[in-house]
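Hi everyone, thanks for making time. I'd like to walk you through one chain today, so let's bring it up on the screen.

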Amino acid sequence: MSQFWSQLVHNLTPYVPGEQPKVDNLIKLNTNESPYPPSPLVLKALSTQLNDKLRLYPDPSSEELKQSLATYYGVKTNQVFVGNGSDEVLAHTFMALLKQDKPILFPDISYSFYPVYCGLYDIEHQTIPLTDDFEIDQSDYQVENGGIIFPNPNAPTGRLLPLQAIEQILQHNTTSVVVVDEAYIDFGGESAAKLVHRYPNLLVVQTFSKSRALAGLRVGFALGNPALIEGLERVKNSFNSYPLDRLATVGAIAAIEDEAYFQQSCEKIMSTRDKLTRFLKENNFEVIPSAANFVFARHTQMHAEDIAQQLREQAIIVRYFNKPRIDQFLRITIGTEAENTQLCQALSDILKTNHS
């Protein structure tokens with residue numbers, strides 16, 4: 001029935017999300033979800049909304065959540081935008097701020113939704129190659145552009161760009177918007193949110209899906225100059241005036257309020273990440289330095305796709321990207337300590353079998 005598609009749809013190459021298999025006793029290390037449950041305060045807050053009020057529309061502006069975020073990050077509410085996951089926030093960002101006369105810039109190895117948005121919104125773009133060490137070189141972004149966007153830490157590599165380097169990009173690009181996509185910033189990085197007061201062209205995008213363990217609620221947000229936020233609001237209100245439901249709003253607020261639980265979860269994930277990194281290096285893997293809740297690694301002898309397939313046979317799923325420059329790498333989400341132990345044992349068995 002594709003004869004009914006618009007020409008735009010015919011030309012699209014959609015984003016392919018990480019696999020969500022319905023298999024019992026699966027160790028799922030392929031989509032960077034939190035291995036730990038949300039804060040107990042979140043679950044308690046959600047229960048308060050399971051009542052007659054579900055028949056009513058939520059607050060279209062999510063003002064209470066905006067206030068919580070503004071307080072947490074030291075900004076004003078008119079510097080906060082919220083949406084249905086950071087993917088929706090990013091989609092509105094591409095339409096509101098990055099659809100310009102000049103091409104936008106982003107890394108050649110980066111979040112694979114960026115070129116999809118460019119195709120959807122007919123935005124010209126140019127990819128900037130990462131260095132041989134898979135780093136972003138800020139000097140490569142000192143060229144004319146219609147906007148710049150990159151994840152920090154980068155995905156799928158996990159490498160962190162220091163705040164000083166981000167400032168250099170901002171200082172050399174004062175007439176275009178610079179978007180820093182911080183989905184993984186809480187696992188060892190320093191947020192660029194502290195820079196929004198000084199750079200009116202900076203937009204920082206974050207999510208509750210990773211470090212706050214709320215991927216199932218779909219909550220994302222952006223911080224920036226009020227003029228940038230107003231642009232996002234104009235697109236949002238032309239698309240969906242009620243992006244966040246009652247459950248998502250109260251759950252996100254409760255997650256912000258439980259700072260101790262948040263910090264504890266992040267510390268556990270970083271500790272397990274360090275243990276996994278040591279194991280991989282001891283077993284002839286090259287591991288890219290990670291400040292995310294995953295590691296990006298390749299074995300010196302075995303093909304990544306073969307390792308991924310043999311792990312799958314043991315009910316462990318990791319992410320393999322069949323793409324240029326990274327087709328020998330696996331992206332492995334950090335699981336619980338118990339899951340990490342099983343992963344390491346499975347990898348040991350695989351490597352022993354293939355080199356015996």
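One definition before we start: a residue is called buried when its relative accessible area is under 20%. And please keep in mind that this is a predicted model.

Let's begin with strand β12, residues 330-333. Which residues of β12 are buried on each side? On one side they are Leu 330 and Ile 332, and on the other Arg 331 and Thr 333, so both faces of the strand are covered. In a regular strand, side chains alternate between the two faces of the sheet.

Now for the neighbours of β12. Strand β10, residues 294-299, runs antiparallel to β12 and is joined to it by four bridges. In one of these pairings, Ala 297 has Leu 330 as its bridge partner. Strand β11, residues 316-320, is also antiparallel to β12, with two bridges between them. There, Tyr 320 stands opposite Leu 330.

Stepping back, the protein chain has eleven helices and twelve strands. Of its 356 residues, 53% count as buried. How does the radius of gyration fit a compact globule? For 356 residues the rule gives a value near 21 Å, and the chain has 21 Å, so the two agree. The C-alpha atoms fill a box of roughly 60 × 50 × 50 Å along the principal axes.

Last, the cysteines. Cys 118 is buried at 3% relative accessible area, and Cys 344 is buried too, at 11%. The disulfide count is zero.

Terms used:
Residues are numbered from 1 along each chain as its sequence is written. This is a predicted model: local features need pLDDT of at least 70, side-chain atom pairs count only at pLDDT 80 or more; totals for chains, interfaces and linings use all residues. Side-chain values use heavy atoms; hydrogens and water are left out. A disulfide is a pair of cysteine sulfur atoms within 2.5 Å. Buried means under 20% relative accessible area, exposed over 50%, partly exposed in between (1.4 Å probe, protein chains only). Two strands pair if DSSP finds at least two bridges between them. The radius of gyration is taken over C-alpha atoms; the globule rule is 2.2 Å times the number of residues to the power 0.38.
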